[in-house]
Amino acid sequence: MDRLTYSTLRVRRQGSVLFARIHRPEAGNAINATLVHELDDVLTRAARAQHTTVVVLEGLPEVFCFGADFGVISDAVRTGRDTSFDPEPMFELFRRMAYADVLTVAHVRGKTNAGGVGLVAACDVVIADESATFSLSELLFGLIPAVVLPYLIRRTGFQRAHYLAATTQTIDARHAHEWGLVDALGTPSEALLKRHLQRLGRLSKKGVARYKAYLRELSPLTEHTKDVALATNRRVFGDPDNVRAIRRYTEEGVFPWETATRDATAAPPSQPSPPPQPSPSETTVEPQHQRPAAPPRPPALSPRALGSPHFRAAHGVDYAYAAGAMYKGIASVDLVIALGNAGMLGFFGTGGLPLDEIDDAITRIRKELDPGRAFGMNLLNSPDDPDLEDRTVELYLRHGVRSVEASAYLRPTLPLVRYRLAGLRTDAEGRLRQDHHIVAKVSRTEVAEHFLRPAPEPLVRRLLDDGLITPEQAGLGARLPLAQDLCVEADSAGHTDGGNAYVLMPAMRALRDRVTREQGYSEENGVRVGAAGGIGTPEAALAALTLGADFLVTGSINQCTVEAGTSDEVKDLLQGLGVHDTEYAPAGDMFEVGARVQAVRKSTFFPARAQKLYELYLRHDSLDDLDARTRATLENKYFKRSLDEVWEETRAHLARRSPARLAEVERSPKQKMAHVFRWYFVHSTRLALRGAEPRVDHQIHCGPALGAFNTWVRGTELEPWRGRRVDVIAERLLRATAALLSERMAAYGALAAGGTPSSSDTTTAE
Ligand SMILES: Cc1cc2nc3c(=O)[nH]c(=O)nc-3n(C[C@H](O)[C@H](O)[C@H](O)COP(=O)(O)O)c2cc1C
């Protein structure tokens, strides 16, 4: 149990006590289905565990829990999905907190609202510090805290619970203590908690279990209460007026009784704080239709609202955010799982891995990812080894992989088209279903156009003839773009054309619009244009969104995280990188054609040595042409072995992989030289992945986005890479981007209204 990982909780054990911290900072620690499921899982395991007697539920310092996640409901409305959410798991969770065979302790700091109050009220013991506040905001939206009230009434009595629900009043920790919602109050609450745990920790499992069983009998929660609570909850959440009110609030920051958006005072990411009201000891209660006086503030956008809802729906994610593949499993299984569980898309880095390792990776991802969560795989064009691409697609079809990131394609290939078309079908109601989604990485418009158009007819015919797709799939494919997501890659890590996002994005979007008109694609079946390259700060992410990006893709910043599958030595170096510490160098896999990658230049000679090798290749026709000094430099400094030894190793490899290719290479001294030089690229990658000496030869693909990120997080807990979890940095980035966007909108709104725009100088990563 000690090492359980959850996406919405941070769980740790200390002796017989299990601490579960709600961790959804991007959503005000709001309750979603995953949180309910995960918390329930923690309690179930704790109740069963032999030595666990106490579960402490905590939140963030500023917010314990803000109630149901309105963002999810609003997203569901926008994307036409079912908005009704099943209240039963939440009811059962509260019941488990109150009655399971462990003692539950709520440690409350900051705000608690709506369902969060239910979590607190259901606990056996509630400890709070003076920053804690409590409110039930449901009635503001026509909702009823139906699942919360049975537990709240047990603590405060009927009238006080009724008062809180009806007035939507916020009460402070002192009042909550007086009313029985909080059992012990003190600041700092950690000391208070510690004292309580010292006592509770001494209790035996058997004693606790018997005691809780007795409480179940003494003060049972009847099935009637449950039925009424669930029916009421379903009725209010199923009411279209309420759903509309929630959506209007989340998207425009407007309360139901308001008509304009300009004076919205508060729009937190989940449920709203009820408007400020007098303390309960005062007698006047402001009428709800009156807007409380407060400085005008823009509605704070939810990070989930960024980008395209169609992207989120197609890939089954909560955020229009993806982490691009990084070869040889640098975009690792752990990285993909962490992002998937956080509602984002991670593409596993298949480049350079044998098929059985890719197979294992998918199996592990499938096993360890939470049910219903998304993941993707890289699909690389491999013109030198078409069979590999073929077998990779076979594997993806077998595993039911739903999203692939298609890289290095100049034009569509048979396996790629097969993957796309094999995922098309019509369901029982005659609606089109697309089970396979291609995110096509492109940096040139002529390549993009191939993906924007339907799959080429000759390839479709071949697939039909070979019986690899059905006539229905061929017909459906003719009406749809080959890829529904175009990821426009500007100056970035790894292979790149060094493009400029300001130039590429408008050009690609114009192309997309033209092809969409020509093909007559509907909005739902149209192509989304995403942005990759250079995204490492909120400013960059916002710039990409302003350029029209429907989704964001990062790369470099993810290589310097706990989950990345590279060496600690590389991460140590990466965390200190600045924006000028990368440069372009020849690419090993496309050495002869002069393709280039962007790589780290700080503390490594790789870019300079790779460049030197490429120049030698251009100047000479054979290894025999190299003068003695050059040869000695290569052997002593670059290769640390003789060129003959390098050739022997290369020859043995080619003999295993492709004897025909070996025969060809042996006939051409220039090709032989290229292969010997290419050995250096393979070798320098291996050194980096293993963190091995000599470090000056480490080949580390990276773009300047990481330097920008490093600057942004300086002085925060994200500065050392060991503090960087791939999902946390993504959430932090998106949250700051949403905040920045709100701020910019407010500044321009003020300008439009004839005022002076207020703008902050920098965004913070905290
Ligand atoms: C170490 C590293 C390895 C990469 N390997 C691949 C790869 O195998 N396939 C691929 O499509 N993109 C690869 N990329 C590119 C990323 O997926 C992503 O598109 C790019 O890094 C985004 O730009 P940024 O680095 O400026 O954030 C790699 C990037 C890095 C940093």
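This is a predicted model: local features need pLDDT of at least 70, side-chain atom pairs count only at pLDDT 80 or more; totals for chains, interfaces and linings use all residues.

Biologist: Which side chain has a polar atom 2.5 Å from an oxygen atom of the ligand?

Modeller: That is S556. For a nitrogen atom of the ligand, look at N378, which has a polar side-chain atom 2.9 Å away. The protein buries 95% of the 600 Å² that the ligand exposes when taken alone.

Biologist: How many residues surround the ligand?

Modeller: There are 18, and the closest are A325, S407, K441, G534 and S556.

Biologist: How do the residues of the shell divide into nonpolar, polar and charged?

Modeller: The shell has 11 polar residues, 5 nonpolar ones and 2 charged ones.

Biologist: Now the cysteines. How many disulfides does the count give?

Modeller: A disulfide needs two cysteine sulfur atoms within 2.5 Å. By that rule the count is 0. For C123, the nearest cysteine sulfur belongs to C65 and is 11 Å away, so C123 is in no disulfide. C487 is in no disulfide either; its nearest cysteine sulfur, that of C702, is 17 Å away.

Biologist: Is C123 buried or exposed?

Modeller: Compare its relative accessibility with the cut-off: under 20% means buried. C123 counts as buried because its relative accessibility is 3%.

Biologist: And what is the relative accessible area of C487?

Modeller: The value for C487 is 0%, so C487 is buried.

Methods: Residues are numbered from 1 along each chain as its sequence is written. Side-chain values use heavy atoms; hydrogens and water are left out. Buried means under 20% relative accessible area, exposed over 50%, partly exposed in between (1.4 Å probe, protein chains only). A residue is near a molecule or strand if one of its heavy atoms lies within 4 Å of it. A polar contact is a pair of N or O atoms within 3.5 Å; within protein, one must be able to donate a hydrogen and the other to accept it, and residues adjacent in sequence count only if both atoms are side-chain atoms. Accessible areas come from the Shrake-Rupley method with a 1.4 Å probe; for residues, only the protein chains shown count as cover. Ala, Val, Leu, Ile, Met, Phe, Trp, Tyr, Cys and Pro count as nonpolar, Asp, Glu, Lys and Arg as charged, and the others, Gly among them, as polar.
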